[in-house]
Each structure stands twice: as structure tokens, then as C-alpha cells.
Amino acid sequence: MEIRFDGKVAVVTGAGRGIGRDVAKMLAKCGATTYALSRTESHLDTLKQEVPDIQTIAVDLSDWEETQKAVESIGPVDLLVNNAGTNIPQTILDVTKDAFEKIVNINLRSYIQVSQIVARMMISRGTGGAIVHVSSQASLIGLRNHTVYGATKGGVDSLTKTMALELGPHKIRVNAVNPTVVLTELGKKGWTNPARGGPLLSRIPMGKFAEVEDVVNSIVYLLSDKAAMVTGSCLPVDGGFLSAGV
């Protein structure tokens, strides 16, 4: 099943590394004119070296005005992947104001703002489009030390459904993916220790954590016309974790 995005303009946030980086690379490979957004310019520089056709924009998505200017400068967009994310591990008893604001600004507020800018342009053109939010398994289960992170991802799931309802009449589809632990560079550092990752891994029927390509392939499918009747969904990419019960 070949998927092509020739003639389409795609935007990926949090594209400097991990899932976002590989999504940007795949969209470019599938023919889309791809804009990769990240706060860290050095990550964008290496991405540009790897795939010269990708357009890179360094932007702090926690800054409302900077985000507005950066996204509007791109012009009309057909495909959007909201992937930017951060976490500061804290229990409910330890959450600080600074940590709360930082996580919410990136993980939820930026999704709303970037989606708003892009959706308005899609509507004005009358061409429709597709948006995919990168949510998390943490929106569906409780994870220790992920108090604010899990709350923001729950917000992303709710945002996905509301956007699908409101934007559907404009032929804009909105979906989310909810991965389990993904073996990015950071994921490997944080979860391959048996003491931490073992209990979670033991509840995954497939017996493994997700590879980056598992998430990328799901996102590309949801962006494509192959998913033309799919909107408002939150797709677990979790090896069957949610089906395992307790």
C-alpha cells in the first residue's frame, strides 16, 4: 500500500529528534514539502544535512508570539503533526508552578495554537486537510511521576475529539496516536532498565516496547487518504497493553 503526499505541504513540530524527526523524514520521502520545527537549532542543522529538501524553522513553541509568527510564515498547510513534548517527572505532591507551566505550554497549549493557525488556513482555502497529534499511553493509564504529563496527554485526546467534531464539516480530519514506551534515544535511556521498564513491559502481550517506525507508520497512515473515513480516533500503538487487563 503505497502512500504519497506529492504536492502537499506538511508541518511537524518537535522534529529535531525522536519520533518527530523520523516523521519529517518520512513525509519528505513520500513527496511532501516538509517543514520541521524544533527549539534546538543544532538538531535541525543535522536534519537538514541528512535531508536537504526539508525546510527547518527554529522556534520556541512555549512562546505564543514566536509560535504565531513562525507558523504563519509557512503559508498554507495540508498536513500537520503536533509532536512537540516535554516532561519533568514529579508526583502529585511535588508538582511545581514552573514545571506545570512548562509542560502544559509545550504538550497542550502549543497543540491548540498551532492547530488553530493551520486549521484557519485550511478552511480559508477550502481544501481540507489532516492533523495528527502525538499523545501517549499516559493519557489512558496512570504512570507514577507523570502527573502533569499524563494530564496534558489526556487533554490532547479530548482536543482530538473536539477538533474532529468542529473541523469535520470543513473536510479536516483530526486523529491522535497513543504510543507506549517508544525506543527513541531518550526512551532507551529511561525505560530499558529492567527495574523501571520491566513491570510495564510485562503487561504488553507483544513482549516489546514500540520502535520509532511503529509510530511513524501509524501517523503516516492517519495523514493519508487511506484513512479518509477516520477522524476523532486515538490510536493505541502499544503492543496490546490496553487489552491485557490487570
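User: At what angle do helix H1 and helix H8 pack, and how far apart are their axes?

Analyst: Some ground rules come before that. This is a predicted model, where local features need pLDDT of at least 70 and side-chain atom pairs count only at pLDDT 80 or more, while totals for chains, interfaces and linings use all residues. Residues are numbered from 1 along each chain as its sequence is written, and side-chain values use heavy atoms, with hydrogens and water left out.

Now the general idea: two packed helices are described by the angle between their axes and the distance between the axes. Here H1 (residues 18-29) and H8 (residues 212-223) pack at about 50°, with axes 9 Å apart. H1 and H8 are therefore oblique to each other (angles under 35 degrees count as roughly parallel, over 145 as roughly antiparallel, 65 to 115 as roughly perpendicular and the rest as oblique).

User: Which residues of H1 and H8 meet?

Analyst: Contact means heavy atoms within 4.5 Å. From H1 come Gly18, Ile19, Asp22, Val23, Met26 and Leu27, and they meet Val212, Val215, Val216, Ile219, Val220 and Leu223 of H8. By class, that contact holds 10 nonpolar residues, 1 polar and 1 charged (Ala, Val, Leu, Ile, Met, Phe, Trp, Tyr, Cys and Pro count as nonpolar, Asp, Glu, Lys and Arg as charged, and the others, Gly among them, as polar).

User: How do H3 and H4 cross?

Analyst: The axes of H3 (residues 64-72) and H4 (residues 97-125) come within 10 Å and cross at roughly 35°. Trp64, Thr67, Gln68, Val71 and Glu72 in H3 meet a set in H4 that includes Arg109, Ile117 and Met121. This contact of H3 with H4 has 6 nonpolar, 3 polar and 2 charged residues.

User: Which residues of H3 are buried, and what covers them?

Analyst: Buried means under 20% relative accessible area, exposed over 50%, partly exposed in between (1.4 Å probe, protein chains only). Thr67, Gln68, Ala70 and Val71 are the buried ones in H3. Their cover includes strand E2 (33-38), strand E3 (55-58) and H4.

User: What is the phi of Asn145, and what is that of Lys171?

Analyst: Most residues other than glycine have a negative phi, and most peptide bonds are trans. Asn145 has a positive phi of about 65°, and Lys171 has a positive one near 65°. Asn145 sits in the loop between strand E5 (129-134) and helix H5 (147-167), whereas Lys171 is in the loop between H5 and strand E6 (172-179). Asn145 counts as partly exposed because its relative accessibility is 36%; at 67%, Lys171 counts as exposed.

Definitions and conventions. Axes fitted to C-alpha atoms, helices over the stretch in contact; angles between N-to-C directions. Helix = DSSP H or I, 4+ residues; strand = E, 2+ residues; numbered from the N terminus.
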